[in-house]
Amino acid sequence: MIAIYPGSFDPITLGHLDIIQRGGKLFERVIVVVLPNPNKQPLFPIPKRVAQIRECTSHLTNIEVDSFSGLTVEYAKLKRAGVLLRGLRVLSDFEGELQMAHTNKMLWDGMETVFLATSNEYSFLSSSVVKEIAMFGGSVELFVPENVAVDIYAYINKYFKK
Ligand code: PNS
């Protein structure tokens, strides 16, 4: 069974990585697919996010990384994926995630959404929190893979420091 793990991953966090690693144990192949989220203003361009995810998942054999601009279900059809994987951190995630799962199911009945509970230690973590910490000069190493922390600091140095 092929699973896709769609998201904006701007940037990938250790919480996302946790879902990728655990998803990889459940499914034959997991394709992490970076999609634009029209409701969010991006920090990193999509090819950069793909490169970041590829680097920090390179040790995992059944994980692929890709990008797509279009509906998630159209990508899933292309890849013949039967499962859409998403992480649930806290109760407040549930409403939006359930809405997305139902919408995707209406758009294409050939795929099931499977939720994994994010590991406790990352239940507070989001890409937005990471960006906010970095913008105010905080350290992000505890929250993102090492290569991503390097990119975040480079971005901050380029655009925010004189
Ligand atoms: O990491 P995010 O931002 O919560 O991911 C949201 C994402 C990218 C999975 C969602 O916005 C999405 O599926 N975008 C593609 C467009 C689409 O298929 N929309 C219909 C599903 S609601």
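What follows is a short tour of the ligand site, the pocket and the cavity.

This is a predicted model, so local features need pLDDT of at least 70 and side-chain atom pairs count only at pLDDT 80 or more, while totals for chains, interfaces and linings use all residues. Residues are numbered from 1 along each chain as its sequence is written, and side-chain values use heavy atoms, with hydrogens and water left out.

Let's begin at the ligand. Around the ligand you will find G7, S8, L35, P36, N37, K40, G70, L71, T72, R86, M100 and N104, where being near means having a heavy atom within 4 Å. This shell is made up of 4 nonpolar, 6 polar and 2 charged residues. In this scheme Ala, Val, Leu, Ile, Met, Phe, Trp, Tyr, Cys and Pro are nonpolar, Asp, Glu, Lys and Arg are charged, and the others, Gly among them, are polar.

Now look at the side chains facing oxygen atoms of the ligand. A polar side-chain atom of S8 lies 2.5 Å from a ligand oxygen, T72 places one 2.7 Å from a ligand oxygen, and for N37 the distance is 2.8 Å. Taken alone, the ligand exposes 540 Å², and the protein buries 79% of that (areas by the Shrake-Rupley method with a 1.4 Å probe).

Where does the ligand sit? Its space is the largest pocket, and a molecule counts as sitting there if more than half of its atoms lie within 2 Å of the grid points. On a 1 Å grid over the protein atoms alone, a pocket is an open set with protein on both sides within 12 Å along at least five of seven lines, a cavity is a set of points where a 1.4 Å probe fits but cannot get out, and lining residues have an atom within 4 Å of a point. The largest pocket holds about 1,000 Å³ of space. It has 37 lining residues, with N37, K40, R86, E97 and M100 nearest its centre. Helix α4 gives the largest share of this lining, 6 residues.

The structure holds 1 cavity of 30 Å³ or more, and the largest cavity contains about 40 Å³. L43, F44, K131, A134, M135, I152, Y155 and I156 line this cavity, a set with 7 nonpolar, no polar and 1 charged residue.

Key: A polar contact is a pair of N or O atoms within 3.5 Å; within protein, one must be able to donate a hydrogen and the other to accept it, and residues adjacent in sequence count only if both atoms are side-chain atoms. Grid points are joined across faces, edges and corners, and a volume is the space filled by probe spheres set on the points. Helices (H or I, at least four residues) and strands (E, at least two) are DSSP runs, numbered from the N terminus.
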